[in-house]
Amino acid sequence: MSVRNLPVEELVARALEGNRRAVGRLLTLVERGGTDADEIADLAHQQARGAHIVGITGAPGAGKSTLTGQLTRLLPEMGVAPAVLAVDPSSPLTGGAILGDRIRMDNIAGEGTFIRSVATRGHAGGLALSVPGCVRVFDAAGFDPVIIETVGVGQVEVDVVAAADTTVVVVNPGWGDAVQANKAGLLEVADIFVINKADRPGASDTRRDLELMLDLSHVSGLEDDSGYRPPILMTTATDGEGVAAVWDSVLAHREHLTSSGQLSTRQAARLRYEITNRVEAQLHVEASAAIDRADLSEALSPIKLAAQITDRLLRD
Ligand SMILES: Nc1nc2c(ncn2[C@@H]2O[C@H](COP(=O)(O)OP(=O)(O)OP(=O)(O)O)[C@@H](O)[C@H]2O)c(=O)[nH]1
Ligand SMILES: [Mg+2]
């Protein structure tokens, strides 16, 4: 039977029972946004099971999807059922080139996993709202871990993975790749580094660069108070080499979060991020409507007029 016309409560009920079509439909509605999306996110929140959220990020073409695809093969063999949310970098600048070389993860995913791409379509706000909503749906439906893949360019993309419980940063061998990652703000969000394409020359140079930068961050006091130092792993994702060790490191990081009490700190930060994005999105809508209603030809300066509109908006 089609799930298309089912009310959201019924869809959520079915998703909780493991109905994949219901999960797919819920994700579509969440991605679309609006009141259905909010209601779904809210219902899913009430059924939260606390899946571990893993963010995977890195430069375009670093091998994030290949690595993620390997994880979705490996994990079901261990009795783990992952879901993947691949955030599509549809920037008109880079989209074409990236998509041209893009691995279709659906082709390599193992059974029992759920893989979904979400398009950003240039709506930064939409991404910041839809990703947490989709993660909630996966979590309520019993998938654990929930893996989010985003390309590590753009503040929203980086913020989205930084809000994960464990953030994996993928870099490649070659001179300066670690430096690029540093520039993109990826070093400070990394809980685990993966040097993928270790079959290519320069992997040990990249490792040395990363170690050096981690040493420096220690000197400057950026290192985690609890003394956690992100491990640096090597993988050749195309043949699965080193991928099991990545998962071991995720588990070790989770253990660290739990024993140090940082898991709840991260969860609180993630909620704050979600709430902030929701409030901002709501205010943005209200503000646009208020500006549309205002008489912009009033003989006030733009500064005074803006202040007046804001005052009225906050009073109502
Ligand atoms: N030699 C080599 N090539 C790899 C490895 N991992 C991935 N690739 C290749 O690198 C290219 C990009 O891989 P993807 O997994 O699509 O990279 P991505 O980071 O997901 O790319 P975007 O999502 O587009 O940013 C593909 O042609 C892969 O086959 C590796 O370990 N070694
Ligand atoms: Mg990819």
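The paragraphs below go through the salt bridges, then the surface patches, then a helix and the backbone.

**Salt bridges**

The model is predicted. Its salt bridges number eleven.

| Salt bridge | N to O distance |
|---|---|
| Arg 270 and Asp 165 | 2.9 Å |
| Asp 191 and Arg 266 | 2.9 Å |
| Asp 215 and Arg 229 | 2.9 Å |

Arg 270 pairs with Asp 165 in a salt bridge. This pair links distant parts of the chain, with Arg 270 in helix H11 and Asp 165 in the loop between helix H7 (155-162) and E5, 105 residues apart. Arg 270 and Asp 165 are both buried.

A salt bridge also joins Asp 191 to Arg 266. Asp 191 belongs to the loop between H8 and E6 and Arg 266 to helix H11, so this pair ties together parts that are 75 residues apart in sequence. Asp 191 has a relative accessible area of 5% and is buried, while Arg 266, at 21% relative accessibility, counts as partly exposed.

Asp 215 lies in helix H9 and Arg 229 in the loop between H9 and strand E7 (232-235), so the parts tied together are 14 residues apart in sequence. Asp 215 is partly exposed, at 38% relative accessibility, and Arg 229 is partly exposed at 32%. Elsewhere, Asp 38, Arg 136, Glu 274 and Arg 278 are joined into one network by salt bridges that share partners.

**Surface patches**

Which residues gather in a patch of negative charge on the surface? They are Glu 9, Asp 36, Glu 39 and Asp 42. Helix H3 (residues 35-46) supplies the largest share of this patch, three residues. Glu 9 sits in helix H1 (residues 8-16), and its relative accessibility of 45% makes it partly exposed.

A nonpolar surface patch of about 350 Å² consists of Leu 271, Ile 275, Val 279 and Leu 283. Val 279 is part of helix H11 (residues 262-293) and counts as partly exposed, at 43% relative accessibility. As background, an α-helix has 3.6 residues a turn, so residues three or four places apart point the same way.

**Helix H4**

Helix H4 (residues 64-77) has 14 residues and spans 20 Å from its first C-alpha to its last, close to the 20 Å expected at 1.5 Å a residue. H4 is mostly covered, with eleven of its 14 residues buried. Among the buried residues are Lys 64, Thr 66, Gln 70 and Leu 75. Gly 79 follows H4 and has a positive phi, near 80 degrees.

**Loops and backbone**

Most residues other than glycine have a negative phi, and most peptide bonds are trans. Lys 197, a residue other than glycine, has a positive phi near 70 degrees. Lys 197 is in the loop between strand E6 (192-196) and helix H9 (203-219). The peptide bond joining Asp 144 and Pro 145 is cis, with omega about 10 degrees. Pro 145 is located in the loop between helix H6 (124-140) and strand E4 (146-149).

Gly 176 occupies the loop between strand E5 (166-171) and helix H8 (177-183). Is Gly 176 buried or exposed? Its relative accessible area is 8%, so Gly 176 is buried. The C-alpha atoms of Gly 176 and Asp 205 are separated by 9.3 Å, although these residues are 29 residues apart along the chain.

Technical notes:
Residues numbered from 1 in each chain as written. Chains lettered and ligands numbered in written order. Predicted model: local features only at pLDDT ≥ 70, side-chain atom pairs only at ≥ 80, totals over all residues. Heavy atoms only, no water. Patch = residues over 30% accessible without salt bridge, like charges linked within 9 Å, V, L, I, M, F, W, Y side chains within 5 Å. Areas by Shrake-Rupley, 256 points an atom, 1.4 Å probe, with all protein chains shown as cover. Salt bridge = Lys/Arg side-chain N within 4 Å of Asp/Glu carboxyl O. Lys, Arg positive; Asp, Glu negative; His and termini not counted. Charge placed at Lys NZ, Arg CZ, Asp CG, Glu CD. Helix = DSSP H or I, 4+ residues; strand = E, 2+ residues; numbered from the N terminus. Buried < 20%, exposed > 50% of the residue type's maximum accessible area, 1.4 Å probe, protein only. Expected span 1.5 Å × (residues − 1).
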